[in-house]
Amino acid sequence: MLKQNLKADSKEVHDVIRRHYQWLKKCWTPTRESYAGHGQFIVESDLRKAYEVYHPQLPEFVAEAIGVFANKELH
């Protein structure tokens, strides 16, 4: 999606992030704050390396998209 120049707040990205959120809910139910925090954790931890394999800017992109989703969908 980065290579397609989609924005973090696009419908296509939002749909993928929704699937990620649903997947995480199998283990815990993130709140707006904790899910946004998870995005920052991706950026600031070694977990970022798993994302960078696909694109060097993916951790930041995912964190931004998670923040958008959290603000729109979670209360």
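## Packing of H2 against H4

Helix H2 (residues 32-44) and helix H4 (residues 58-73) have axes that come within 8 Å and cross at roughly 175°. Axes are lines fitted to C-alpha atoms, for helices over the stretch in contact, and angles run from 0 to 180 degrees between N-to-C directions. H2 and H4 are therefore roughly antiparallel to each other (angles over 145 degrees; under 35 is roughly parallel, 65 to 115 roughly perpendicular and the rest oblique). Helices are DSSP runs of H or I with at least four residues, numbered from the N terminus.

On the H2 side, the contact (heavy atoms within 4.5 Å) involves residues including Tyr35, Ala36, Gly39 and Ile42, and on the H4 side residues including Val62, Ile66 and Phe69. The residues of this contact divide into 10 nonpolar, 4 polar and 2 charged. Here Ala, Val, Leu, Ile, Met, Phe, Trp, Tyr, Cys and Pro count as nonpolar, Asp, Glu, Lys and Arg as charged, and the others, Gly among them, as polar.

## Basis of the model

The model is predicted: local features need pLDDT of at least 70, side-chain atom pairs count only at pLDDT 80 or more, and totals for chains, interfaces and linings use all residues. Residues are numbered from 1 along each chain as its sequence is written, and side-chain values use heavy atoms, with hydrogens and water left out.

## Packing of H1 against H4

H1 and H4 pack at an angle of about 80°, with their axes 9 Å apart; they are therefore roughly perpendicular to each other. Val13, His14, Ile17, Arg18, His20 and Tyr21 in H1 meet Phe61, Val62, Ala65, Ile66, Phe69, Lys72 and Glu73 in H4. This contact comprises 8 nonpolar, 2 polar and 3 charged residues.

## The nonpolar core

A nonpolar core is a set of buried Ala, Val, Leu, Ile, Met, Phe, Trp, Tyr and Cys residues joined through side-chain atoms within 4.5 Å. Buried means under 20% relative accessible area, exposed over 50%, and partly exposed in between (1.4 Å probe, protein chains only). The largest core has 16 residues, of which Ile17, Tyr35, Val62, Ile66, Phe69 and Leu74 touch the most other members. H4 gives the most to this core, with 7 residues.

## The aromatic cluster

Tyr21, Tyr35 and Phe69 form one aromatic cluster. Rings of Phe, Tyr and Trp (its six-membered ring) pair if their centres lie within 6.5 Å; planes under 30 degrees apart count as stacked, over 60 as edge-to-face and the rest as tilted. The rings of Tyr35 and Phe69 have centres 5.9 Å apart and planes at 80°, so the pair is edge-to-face. Both residues, Tyr35 and Phe69, are buried.

Technical notes: Helix = DSSP H or I, 4+ residues; strand = E, 2+ residues; numbered from the N terminus.
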